[in-house]
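Please open the structure in your viewer and keep the sequence at hand.

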Amino acid sequence: MNLQRAYALLAMFYTVLLAVGVLAVVMGGGTPLSLLQLAIGAVTLIGLWGYLLGRQVMSWRTWRPFAGVLVVGIATNIWLLFTTSPSGTELTWLLANVIFTSLPALLLFRYGDRDQDLWASPAELAGGRALNELLERRRELQVEKRDASRPASVNVCREGDHYRACVVRGQGDAEERFEQRFRRPATLAGFIETFTCIEVRDFVAKYRDEPDTA
């Protein structure tokens, strides 16, 4: 069984589990807390299917905070287990929540990682391919714009499996320097065009006809 099939079985299992939970509440077997757990479970299931299918669901900014909510819920349920005397029904819901929320919390944390092609726009994917092709020919790329409203200089290189962008933005007292590392070139392209006045096409125009040095 490959990893993709395992994730598919996991998502289907949680779909069935959520359906069983809804059925239990409808038949009067739930508690007020279980209603909240079912609502959180529904959002979790949406995220799991999005992660499995490689689709953008809501925003990448949503899922890591939501994974944090799941972790807080797990910790709260463990605390309730040891500090209260839950009834049989409450004990079942608390244990089920702890056991079946841990793995989705981890997967949704990974799902919320911006540095993956899943969250890149078509323009960012194309820009990433262009930068990657240039970095296969040259060890380092640098573009500077000083005639823009907010001048900037960007230096890009590849370090092993990562891409590093060093940015100098502004001038004089307003000058700021920072750098970021990325695993995916599409994320690198999006970062450059979001935080500077420089575009991927500026790199292409500068290095398109220059000899290879890599």
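Begin by selecting Asp202, which is buried in this predicted model; its relative accessible area is 19%, and the cut-off for burial is under 20%. Asp202 belongs to helix 7 (residues 200–207) and Lys145 to strand 1 (residues 140–145), so the pair ties together parts that lie 57 residues apart in sequence. Lys145 itself is partly exposed, at 24% relative accessibility.

Move to Arg146, whose salt bridge with Glu144 brings the closest N and O atoms to 2.6 Å. Arg146 is partly exposed, with a relative accessible area of 38%.

Now select Arg177 and Glu175, a salt bridge in which the closest N and O atoms are 3.3 Å apart. Here Arg177 is exposed at 63% relative accessible area, whereas Glu175 is partly exposed at 34%. Then display Glu159, Arg164, Glu179 and Arg181 together; salt bridges link them in a network. The protein has 12 salt bridges in total.

Finally, return to the whole chain and show it as a cartoon. Seven helices and four strands are present, in the order α-α-α-α-α-β-β-β-β-α-α along the sequence. The radius of gyration is 24 Å, well over the 17 Å that the globule rule gives for 214 residues, so the protein is more spread out than a compact globule. Its C-alpha trace spans about 70 × 45 × 25 Å along the principal axes. Colouring by accessibility will show that buried residues make up 38% of the 214 residues.

Definitions and conventions: Residues numbered from 1 in each chain as written. Predicted model: local features only at pLDDT ≥ 70, side-chain atom pairs only at ≥ 80, totals over all residues. Heavy atoms only, no water. Helix = DSSP H or I, 4+ residues; strand = E, 2+ residues; numbered from the N terminus. Rg over C-alpha atoms; globule rule 2.2 N^0.38 Å. Buried < 20%, exposed > 50% of the residue type's maximum accessible area, 1.4 Å probe, protein only. Salt bridge = Lys/Arg side-chain N within 4 Å of Asp/Glu carboxyl O.
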